[in-house]
Amino acid sequence: PYAVQLARQGNIKALLQLKNHPATLELLQEKDTYRNNVFHVAKNADTVQVLAFLIRQFDASQAQQRITHMIDERNTLGETPLMAQINASHPDTFHPLYLHASLKKKNDVAKNQLARLRGSDPRLFEQNQAIYCREIVKLSSTGGRTLLQAAQAQTKNNPAMQQVVHTIYTEIPCLTQGNF
């Protein structure tokens, strides 16, 4: 698939040329033989930003839903683009992908709801925390490994991944033994 190949190469100039193609959205939604979409294989954060820009240009009313759907898609290994990018040791793509992922939306809801329950009934807090965290861990895991575990494993090969580990610790408490 042409757009997947361009995203993998990080060929931003050629990706931007897709604006002139009559089937831009269809090209951006194609997958390779491993069911990777353009976000799974994006070379870097700039590529992710250009891909999101192109989707917004051609589907303004549904752009956010389409981007979130694509960032939540799983390839044949069961990886979302977030996990695939971490496994490929691309720390710079974490933030732009996470901002649009269902994982962030669920995590934000969990943090808000649990903040309201904190200090009230401890059992109610613990029950709700378990429910929210179960869903967040499910959204962030592939093959029994969470985004945090995958990022920690990559710090040996790429010290810049330590920033992703720090972000996950501070932003996604369910992945750190539910420490809200």
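Contact here means that heavy atoms lie within 4.5 Å of each other. With that in hand, welcome to a quick tour of this predicted model.

**Where helix 5 meets helix 6**
- On the helix 5 side, the residues in contact are Ala-52, Ile-55 and Arg-56, and they meet Ala-63, Arg-66, Ile-67 and Met-70 of helix 6.
- Helix 5 covers residues 45–58 and helix 6 covers residues 63–72; their axes are 9 Å apart and the packing angle is about 140°.
- Because of that angle, helix 5 counts as oblique to helix 6.
- The crossing of helix 5 past helix 6 is right-handed.

**The aromatic pair**
- Searching the whole structure turns up one aromatic pair.
- Its members are Phe-94 and Tyr-98, with ring centres 5.4 Å apart and planes at 10°, so the pair is stacked.
- Both residues belong to helix 8 (residues 94–98), where they sit four residues apart, about one turn of the helix.
- Phe-94 and Tyr-98 are both buried.

**Val-38 and its surroundings**
- Val-38 is part of helix 4, which spans residues 38–41.
- Its relative accessibility is 0%, so Val-38 counts as buried.
- Apart from neighbours within four places in sequence, Val-38 is in contact with Ala-3, Val-4, Ala-7, Leu-28, Leu-51 and Met-70.
- One of these partners, Met-70, also takes part in the contact of helix 6 with helix 5.
- From Val-38 to Tyr-132 is 94 residues in sequence and 29 Å in space, C-alpha to C-alpha.

Notes
Residues numbered from 1 in each chain as written. Predicted model: local features only at pLDDT ≥ 70, side-chain atom pairs only at ≥ 80, totals over all residues. Heavy atoms only, no water. Axes fitted to C-alpha atoms, helices over the stretch in contact; angles between N-to-C directions. Helix = DSSP H or I, 4+ residues; strand = E, 2+ residues; numbered from the N terminus. Parallel < 35°, antiparallel > 145°, perpendicular 65-115°, else oblique. Left-handed = near helix turned anticlockwise from the far one by under 90°. Phe/Tyr/Trp six-rings, centres within 6.5 Å; stacked < 30°, edge-to-face > 60°. Buried < 20%, exposed > 50% of the residue type's maximum accessible area, 1.4 Å probe, protein only.
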